[in-house]
Amino acid sequence: MGLFGGLFQSTSTTQIFHPFIFIISAIILQLTAFYPRRVWVPEYSSLNKLFLYKFSYYKNKIVNKMSEQFRIIEYPLIILFIICGAVFLVSTSDLVSIFLSIELQSYGLYLLSTLYRNSELATSGGLTYFLLGGLSSCFILLGMGLLYANSGTTNLDGLYIITSLSDISNGNLDDGILYWYKSYYINFSLLILSVGFLFKVSAAPFHFWSPDVYDAIPTIVTTFVAIIAKISIFIFFLELVHYTSNSLFSYQFSWTSSLLVSSLLSLIIGAVMGLTQFRIKRLFAYSTISHLGFILLALSINSIESIQAFIFYLMQYSISNLNAFVILISIGFSLFYYINDNEEFEKLEDKNNSPIQLISQMKGYFYINPVLALSLAITLFSFAGIPPLIGFFAKQMVLSAALDSGYIFLTLIAILTSVISAVYYLNVIKEVFFSKSDYKINPELDTIKLHGNIISSKTTEVSTFTLKNIVLSSSLTITISILTLIILLFMFIPTEWLSTANILALMLFNC
């Protein structure tokens, strides 16, 4: 169904992915919407007393840590721009609305990156992101200009019709339906357009900005950049690839061949470059590039099986990546009363906004919080594709679709790079579980006594609590629990996910 004169459209795919974007955004938003820590007093934590009693205490920095975005009025407005841009890009059906949507989303991300005004690292990272994002927008504009010049229309449906008709002409100048049009025009234009979008999602060989930007900007902002931007662009790519490469008559060159090249480079670079990283967010950046290789491979094959694998992989990548970043943020919140004498940690910049920056900072974390460490291990094993976790099934579906379509070399490279990338995931797990922790409880806080009032309808009691009563807030623990259980128990509840992906793929090919 067309909306606003054909600028946007409502399809089965958009109806699935709009709520998905909203849910992912809501989970990221709660990282800043609530206090990260709470007081838990066991004797007053029964259901009966939770409803009948009110616990009042002085909200100091030990118990609660206010993030800087609470003091910035524009924060919710910027988030709204990003989500609106993502939703519009998923539904777009015109070259004009494509550019408006991608820029609305991108400018929100640039502003969000530099939101923490007192952080020199965040400002430099946001500026890098802005300048290179502007360069990618130039490629997108150039591709759109050439598409309009060659086809005379900005509507994507019209573009698909012209492509199919020009294929039917098959180069015959006398009898061709469109004797003045050559199919390689649109391929060349779409190739330039795809360069701009591959730049935006940081797929190789246009990936060089992402490790620096991921590492420099605050971790909460990195979560938005790593997930929301990629979901919307890939769903838009899904329609573009399907309708421009699935035509009745084949020709010598297709622009989707560039996606296969990018997939190959992403797989290799993401696996090899990640081996040398010692900063956790740079590691996640190269991990993302490696995953983009699998997503692009499934997308460029363009069969029913591969599109099903593409939709499923995109969903599980978003959930696993989100869980990894939420755990990373939670680890930073949980170490508030520990100190570390390591000089390397003391010299880290911007520790307030990104408390965990080095892999070595998580050394021995299992002995501090075993449950959170196990959740991180499950997520990293899923990234590596270890059965029976959700990441294994996603990779298996992509590789199966590639083999069925005859992409044997790319399948072998994907398997090899998946094994190589498992090395740096296992290195993180080794540090967390098998190394001795450098953290010690701060002696100044170890003996501190904090006071609160237990207020009921009749009486008010004074309660004393210590640091051991201060735990991660329910919003964080419940989110991590649900996401980890989805990753861990997928094999017991696969029907809904696989059916959704299968139905969307079938509808795309039958419409």
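How many residues make up the hairpin that joins E7 to E8? I looked this up first: the hairpin runs through four residues.

**Entry 1, ground rules.** I am working with a predicted model, in which local features need pLDDT of at least 70, side-chain atom pairs count only at pLDDT 80 or more, and totals for chains, interfaces and linings use all residues. Residues are numbered from 1 along each chain as its sequence is written, and side-chain values use heavy atoms, with hydrogens and water left out. Helices (H or I, at least four residues) and strands (E, at least two) are DSSP runs numbered from the N terminus.

**Entry 2, strands around E7.** I took two strands as paired if DSSP finds at least two bridges between them. E7 and strand E8 (residues 460-465) run antiparallel and are joined by six bridges. Strand E4 (residues 54-57) also pairs with E7 in the antiparallel sense, over four bridges. I then followed Asn453 across the pairings. Its bridge partner in E8 is Val462, and Ser56 stands opposite Asn453 in E7.

I next checked the side chains along E7 (residues 450-455). I used these classes: buried is under 20% relative accessible area, exposed is over 50%, and partly exposed is in between (1.4 Å probe, protein chains only). Leu450, Gly452 and Ile454 point to one face and are buried.

I counted a salt bridge where a side-chain nitrogen of Lys or Arg is within 4 Å of a carboxyl oxygen of Asp or Glu. The structure holds four salt bridges. I wrote down three pairs.

- Glu103 and Lys200 form a salt bridge, with the closest N and O atoms 3.8 Å apart. The pair links distant parts of the chain, with Glu103 in helix H4 (residues 95-113) and Lys200 in helix H7, 97 residues apart. Glu103 is buried at a relative accessible area of 11%, and Lys200 is buried at 8%.
- Asp212 and Arg282 form a salt bridge, with the closest N and O atoms 2.7 Å apart. Asp212 lies in helix H8 and Arg282 in helix H11, so this pair ties together parts that are 70 residues apart in sequence. Asp212 is partly exposed at 42%, whereas Arg282 is buried at 19%.
- Glu431 and Lys430 meet through their side chains in a salt bridge at 3.6 Å, N to O. Glu431 counts as buried at 14%, whereas Lys430 is partly exposed at 40%.

I looked for cis peptide bonds and noted two. One joins Ala204 and Pro205, with omega about 5 degrees, and Pro205 is in the loop between helix H7 (183-201) and helix H8 (210-216). Another joins Pro387 and Pro388, with omega also about 5 degrees; Pro388 is in the loop between helix H14 (370-384) and helix H15 (390-404).

Ser202 counts as buried because its relative accessibility is 1%. Asn302 is not a glycine either, and has a positive phi of about 60 degrees. Asn302 is in the loop between helix H11 (280-301) and helix H12 (304-334), and its 7% relative accessibility makes it buried.

I built patches from residues with over 30% relative accessible area and no salt bridge, joining like charges within 9 Å and nonpolar side chains (Val, Leu, Ile, Met, Phe, Trp, Tyr) within 5 Å. Accessible areas come from the Shrake-Rupley method with a 1.4 Å probe, and for residues only the protein chains shown count as cover.

Leu485, Leu488, Leu489, Met491, Phe492 and Ile493 make a nonpolar surface patch of about 540 Å². One of them, Leu489, is in the loop between helix H18 (474-488) and helix H19 (495-510). Leu489 is partly exposed at 34%.

For charges, Lys and Arg count as positive and Asp and Glu as negative, with His and the chain ends not counted. I placed each charge at NZ of Lys, CZ of Arg, CG of Asp or CD of Glu. Asp341, Glu343, Glu346 and Asp438 form a negative surface patch. Asp438 is in the loop between helix H16 (408-434) and strand E6 (439-441), and is partly exposed at 32%.
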